[in-house]
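My entries follow in the order in which I made them.

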Amino acid sequence: FGAVTDRGILNAKNEILFTAVVSWPSEYIVRVGIVLSAFGAGLQSLTGAPRLLQAIANDNLIPILRPFRGTGEPRKPLALTIVICAAFISTGNVNSVAPIITMFFLLCYAFVNAACLLQDVLQEPNWRPRFRFYHPATSAIGLCLCLFIMFYTRWYFALASIMMVI
């Protein structure tokens, strides 16, 4: 971007979609791509979240989720997902939800790294990583980076999400 414009435009706060302005052949390609990407991610989350909720309820890990157990199409979990989405959208500021979602994604990645590290440290017989360049330090670094990013962005959301998971 530095090769196609001057520094003032890159630092300008009013030019949010600079990539759309310099895109070829038209700026609408980037704008349409952003909209389609957002719709795709939203639909994927809206269809994946109820199935995940139903799977967690079927495993009977959290007793309060018992009403969402079942087989087949997850109608009750879908209704709950829609209610949760509508509640956050009705606040009028979807960006207020972004840090909360980010914390749970980072926690998910942190737990994956912690599981890999723990299995490697405990030398589990079924733990055979196929990635040629795997080293336990990569899992430890990934775990530390996830936790660092969580506390660096919003420490109070990080603590709240960790307490909620515990």
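**Confidence**

In which helix of the protein chain is confidence lowest, and in which is it highest? The mean is lowest in α2, at 76, and highest in helix α6 (residues 136-153), at 95. I took pLDDT as the predictor's confidence in each residue, from 0 to 100. The protein chain averages a pLDDT of 87, and 98% of the residues score at least 70.

**Ground rules**

The model is predicted, so I kept to its conditions: local features need pLDDT of at least 70, side-chain atom pairs count only at pLDDT 80 or more, and totals for chains, interfaces and linings use all residues. Residues are numbered from 1 along each chain as its sequence is written, and side-chain values use heavy atoms, with hydrogens and water left out. Helices are DSSP runs (H or I, at least four residues), numbered from the N terminus.

**The largest pocket**

I looked up the largest pocket next and found a volume of about 2000 Å³. Of the 36 residues lining this pocket, Ala-49, Leu-52, Ile-84, Ile-101 and Phe-104 are the closest to its centre. Two or more lining residues come from each of α3, α4 (75-89), α5 (98-121) and α7 (155-165). α3 gives the most, with twelve residues.

For the terms, I used a 1 Å grid over the protein atoms alone; a pocket is an open set of points where a 1.4 Å probe fits, with protein on both sides within 12 Å along at least five of seven lines, and lining residues have an atom within 4 Å of a point. Grid points are joined across faces, edges and corners, and the volume is the space filled by probe spheres set on the points.

I then sorted the lining by residue type: 29 are nonpolar, six polar and one charged. Ala, Val, Leu, Ile, Met, Phe, Trp, Tyr, Cys and Pro count as nonpolar, Asp, Glu, Lys and Arg as charged, and the others, Gly among them, as polar.

**Start of α3**

Ser-26 lies in the loop between α2 (18-21) and α3 (27-58). Ser-26 is partly exposed, at a relative accessible area of 27%. For exposure I used these classes: buried is under 20% relative accessible area, exposed over 50%, and partly exposed in between (1.4 Å probe, protein chains only). A polar atom of the Ser-26 side chain lies 3.2 Å from the backbone nitrogen of Tyr-28.

Glu-27 lies in helix α3 and is partly exposed, at 28%. Its side chain is joined to that of Arg-31 by a polar contact of 3.0 Å. A polar contact is a pair of N or O atoms within 3.5 Å; within protein, one must be able to donate a hydrogen and the other to accept it, and residues adjacent in sequence count only if both atoms are side-chain atoms. Leaving out residues up to four places away in sequence, Glu-27 touches Ala-20 and Val-21, where contact means heavy atoms within 4.5 Å.

Is Gln-54 buried or exposed? Gln-54, in helix α3, counts as buried because its relative accessibility is 9%. A polar atom of the Gln-54 side chain lies 3.0 Å from the backbone oxygen of Gly-70. Gln-54 also touches residues beyond four places in sequence, including Phe-68, Thr-71 and Pro-77.

Thr-81 is found in helix α4 and is buried, at 10% relative accessibility. With residues up to four places away not counted, Thr-81 touches Leu-46, Ala-49 and Pro-50.

**Positive phi**

Asn-60 has a phi of about 60°, lies in the loop between α3 and α4, and is partly exposed at 34%. Gln-123 has a phi of about 50°, lies in the loop between α5 and α6, and is exposed at 67%.

**Exposed helix residues**

Val-83 is in helix α4 and is exposed, at 53%. Its C-alpha atom is separated by 15 Å from that of Arg-51, 32 residues apart along the chain. Leu-118 is in helix α5 and counts as exposed, at 51%. Leu-118 and Ala-140 are 22 residues apart in sequence and 9.5 Å apart from C-alpha to C-alpha.
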